[in-house]
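Have the structure open and follow along.

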Amino acid sequence: MRAFTALVKKDIRLYMADRRAVLMSVLAPIAIASFFGFIFDETGAQHQASRVAVLLADEDRSAVSTNLAALLTADSALDVKAAALSQARDAVRRGKATVAIRFPAGFGSTAASAFFGGADARKADIELLYDPSHASEASMVQGILAGHAMEAVSKEMFSGKTGRDAVDASLAQLRGNTTIASDQQRALTSLLEGVKGWNDVSQSSGSAGAVNGPTIPFEVKKEPVTSGTGVPYNGYAHSFAGMGVQFILFMAIEMGVGLLAQRREGLWKRLRAAPLSRTVLLGSRAVSTALLSLFILACLFLFARVVFGVRIEGSLTGFVGVAVAFSLLAAAFGLLIASLGRTPESARGLSIVATLLLVMLGGAWVPTFVFPKWLQQATAVIPTRWAVDGLDATTWRGLGLSSVAWPIFFLLAATLVFGGLAVARFRWESE
Amino acid sequence: MLELHDLTRRFGALTAVDHVTFGAAAGEMVGLLGPNGAGKTTTVAMIAGLLPPDSGEVRIGGRRLGGDTDPLKSRIGLVTQDLALIDGLSAAENLQFFAALYDLDRQASKRAVAEALDLTGLTERARDKVKTFSGGMKRRLNLAAALLHGPDILLLDEPTVGVDPQSRNAIFENLETLKRRGTTILYTTHYMEEAERLCDRIVILDHGRVIADDTAQGLSKLVPAQNLITVALENAPDALLADGLHALSGVQRVETAPGVVRVAVTDLASTMPAVLQWFTNRGLKYQHVSTERASLETVFLALTGRALRD
Ligand SMILES: Nc1ncnc2c1ncn2[C@@H]1O[C@H](COP(=O)(O)OP(=O)(O)O)[C@@H](O)[C@H]1O
Ligand SMILES: [Mg+2]
């Protein structure tokens, strides 16, 4: 036991004495996680980046299209600028604008006559040009456009000149219509007369702003579902988990490579000459790696808490459980590198590439929920994914202990596989 | 104390250590001498339990050395050929760490560290980081690190490679002190002067095989032409003198020169008194007598037909 503690203490002391190693494993992840967190953090993003750039080519210039343009411009989700069609198309193609909207000439009147015109009336066209790399934003603009168009057209129907003309035309058409049942004809006529009457009233009173006819009868209230009402999604929680995982694996690589390099040195002979079991020699290395990993995680989440308000909203036991299980996994990963590597140099290069892959697929850079479905399923076998998901679950998702039982189990199982392989394949003799 | 029986180790097609058998009694200092690649380090590694032999065995105090955790390993101290120190720690911290590997408690560790520092003359530098040490000081600390658990057997693998003469002498003195205290020492080297100066017995290894195992004096008998007694006479020796000396038992050859006689003998110790007596009996006064023993270099050359240093 004395030998074991002495070995662990030695490893930790030497790691801590290496300023560059400590900087690399604590400051680097803090810097990168802060950057990623800033980019992905929703509250930060809403301020500037998320307004969709829209170019508007109004070739109609009718009351309806002017009104619709004003509604779009006022929408907080859009950044609308007027432009000629050719200009707008070019801008979308260059990626300077996400969407271009065109109201062709005659849009307003066609829309008005189609309003009460029934299923077979000719509908007005709106052209929407979009950047295919931002298809989801284009869909969003389409939805917003539909709402505002409905509002603009109906407002014109109930209070504008175009509306009155359209109602008159519809009434004339209705009178000459013989295909329609007489009771329906009567009811429709009185409805249109009513609209005409309302239109007259709102014209003469001049209070166009007060009641403008039908509007969209609901407003959507969005709430991000996180640990509780009022607790926003914290992009920093995720980025700190991800970068922590990445840089802890880097640290584990250094520990593994260090062990590999030791076999070339006299020190390894002295350790082997003492009556120590292999379990003590490798186990102490694993324990010191795991302790350093916990230290790094603690530094990162402490920083994230103080600076970015990241909290463990869920089970603290769960968080610690995931942290410990992942730290053991990192330790086993380090041993595996030491036992499979040939030379320290080649082992380091190869395992850094492997780590970057593991970490990327594990969702440490971008959250796995942005992955396509098949990739989300495929990456379920990657241990780093369980670590990141487990840390996410207990921080911003605010979930309980039971939600991380599987991640913890899976991490520990992977630890046993890695560790077993490492001990079996480790070459004990000096070089 | 230490016995090797038919110890053999192969690396692929190469037999690095080939049925090596020798021993060292308690308190004896044995030199393991051989050119580079002779198998010295491999032999030491098997004694220290770092490398399992392919066949044969190592016995310590009569008991066969077993696996990694065999407590018998605590009776061995290993001074490695490459320095086995942690540069980032101080001398004292290094020693405390190595003491802990042998499960010494705080008290015992403190005592052992102080004693080892004292013996190797490093007490004043105890708190300094090893990376600030000179090569010679590191070698001395490397020796100290092997002594903490009070081993009965000390294995030294080329402990003086790249060491300044002063540190080298300091190490020799340390070893003599340890020997006086009863430590059995196996001293591996390819410098014959060291083996000759320090060791009670010398085992010569070549291509993994023991080709000689004797005291320095015993080995010198293998090349009698190189054991010389040189006598400076007051008067010029006459021609008959050579024949007379030649008749003595143990005398191999006699050369004369004006004022000097050189006598080559099988064994200096036993033949020298008879040679001097012969001069005295004839009333020949000698001014000065000197002896020269066959060097291990010439012994090795005689045994293998090759020079020891490559
Ligand atoms: N781990 C090893 N693998 C392969 N060959 C080795 C190994 N260790 C030593 N040898 C070979 O065994 C022979 C004896 O080496 P060694 O015991 O180091 O000699 P010495 O210490 O006398 O110079 C040399 O030819 C060396 O190349
Ligand atoms: Mg050697």
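A residue counts as near a molecule if one of its heavy atoms lies within 4 Å of it. This is a predicted model, and in it ligand 1 is surrounded by B:F11, B:L14, B:A16, B:P35, B:N36, B:G37, B:A38, B:G39, B:K40, B:T41 and B:T42. By type, that shell divides into five nonpolar residues, five polar and one charged.

| Residue | Protein atom | Distance to an oxygen atom of ligand 1 |
|---|---|---|
| B:A38 | polar backbone atom | 3.2 Å |
| B:G39 | polar backbone atom | 3.0 Å |
| B:K40 | backbone N or O atom | 2.9 Å |

On its own, ligand 1 has 560 Å² of accessible area, and the protein covers 62% of that. Two elements of chain B, β2 (14–24) and α1 (40–47), each give two or more residues to the shell. The largest share, three residues, comes from α1(B).

Now turn to chain A for the pocket. How much space lies in the second largest pocket? The answer is about 970 Å³. This pocket is lined by 34 residues, and the closest to its centre are A:L14, A:Y15, A:D18, A:E254 and A:G258. Helices α1 (2–17), α2 (19–40), α10 (235–262), α11 (266–273) and α14 (344–361) of chain A each give two or more residues to the lining. Of these, α10(A) provides the largest share, with 10 residues. Sorted by type, the lining of the second largest pocket has 18 nonpolar, five polar and 11 charged residues.

Terms used:
Residues are numbered from 1 along each chain as its sequence is written. Chains are lettered from A and ligands numbered from 1 in the order in which they are written. This is a predicted model: local features need pLDDT of at least 70, side-chain atom pairs count only at pLDDT 80 or more; totals for chains, interfaces and linings use all residues. Side-chain values use heavy atoms; hydrogens and water are left out. On a 1 Å grid over the protein atoms alone, a cavity is a set of points where a 1.4 Å probe fits but cannot get out, and a pocket is an open set with protein on both sides within 12 Å along at least five of seven lines; lining residues have an atom within 4 Å of a point. Grid points are joined across faces, edges and corners, and a volume is the space filled by probe spheres set on the points. Helices (H or I, at least four residues) and strands (E, at least two) are DSSP runs, numbered from the N terminus. Ala, Val, Leu, Ile, Met, Phe, Trp, Tyr, Cys and Pro count as nonpolar, Asp, Glu, Lys and Arg as charged, and the others, Gly among them, as polar. A polar contact is a pair of N or O atoms within 3.5 Å; within protein, one must be able to donate a hydrogen and the other to accept it, and residues adjacent in sequence count only if both atoms are side-chain atoms. Accessible areas come from the Shrake-Rupley method with a 1.4 Å probe; for residues, only the protein chains shown count as cover.
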